[in-house]
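Here are my notes on the structure, as numbered points. Please read them with the model open.

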Amino acid sequence: MSTENSPLFAVRVEPVVSLLPCPFCGGEARPNTMRTSDKEMIRLNGRDTFHGVNCVMCGADTRGLLGSATPEQAAERWNRRAS
Ligand SMILES: [Zn+2]
């Protein structure tokens, strides 16, 4: 019995987004995900998960705003700043 078409087995595949190197030190960029506390979540209009990108070398990140809603958005922000 195949489960290939079962929605229960659907896997959300993260698209591969290539990140530019850090604009400050040229280090490797790495996506990261942050979760807020419940209190913060209310303040942030119900979003409790935010995505960002940070440099593994110098710690530069895409803060500025409160993180991005999706990993793609975070990567886009990072790449825009890095270019
Ligand atoms: Zn860096």
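**Notes on the predicted model**

1. Glu28 is exposed, because 12 other C-beta atoms lie within 10 Å of its own. The cut-offs: buried means 20 or more other C-beta atoms within 10 Å, exposed means 12 or fewer, and partly exposed falls in between, with C-beta atoms placed from the backbone.

2. This is a predicted model: local features need pLDDT of at least 70, side-chain atom pairs count only at pLDDT 80 or more, and totals for chains, interfaces and linings use all residues. Residues are numbered from 1 along each chain as its sequence is written.

3. Glu28 sits in the segment before strand S1 (29-35). Its C-alpha atom is 5.7 Å from that of Cys55, which is 27 residues away along the chain. Beyond four places in sequence, Glu28 contacts Pro21, Val56 and Met57. Contact means C-beta atoms, placed from the backbone, within 7 Å.

4. The protein chain has two helices and two strands, in the order β-α-β-α along the sequence. These are DSSP runs, numbered from the N terminus: helices (H or I) of at least four residues, strands (E) of at least two.

5. The largest nonpolar core has seven residues: Cys22, Ala29, Val53, Cys55, Ala74, Ala75 and Trp78. Strand S2 (49-55) and helix H2 (71-82) each give two or more residues to this core. H2 supplies the largest share, three residues. Such a core joins buried Ala, Val, Leu, Ile, Met, Phe, Trp, Tyr and Cys residues through C-beta atoms within 7 Å.

6. Ala75 touches Val17, Leu19, Pro31 and Val53, leaving out residues up to four places away in sequence. Buried residues make up 16% of the 83 in the protein chain.

Technical notes: Two residues are in contact if their C-beta atoms, placed from the backbone, lie within 7 Å.
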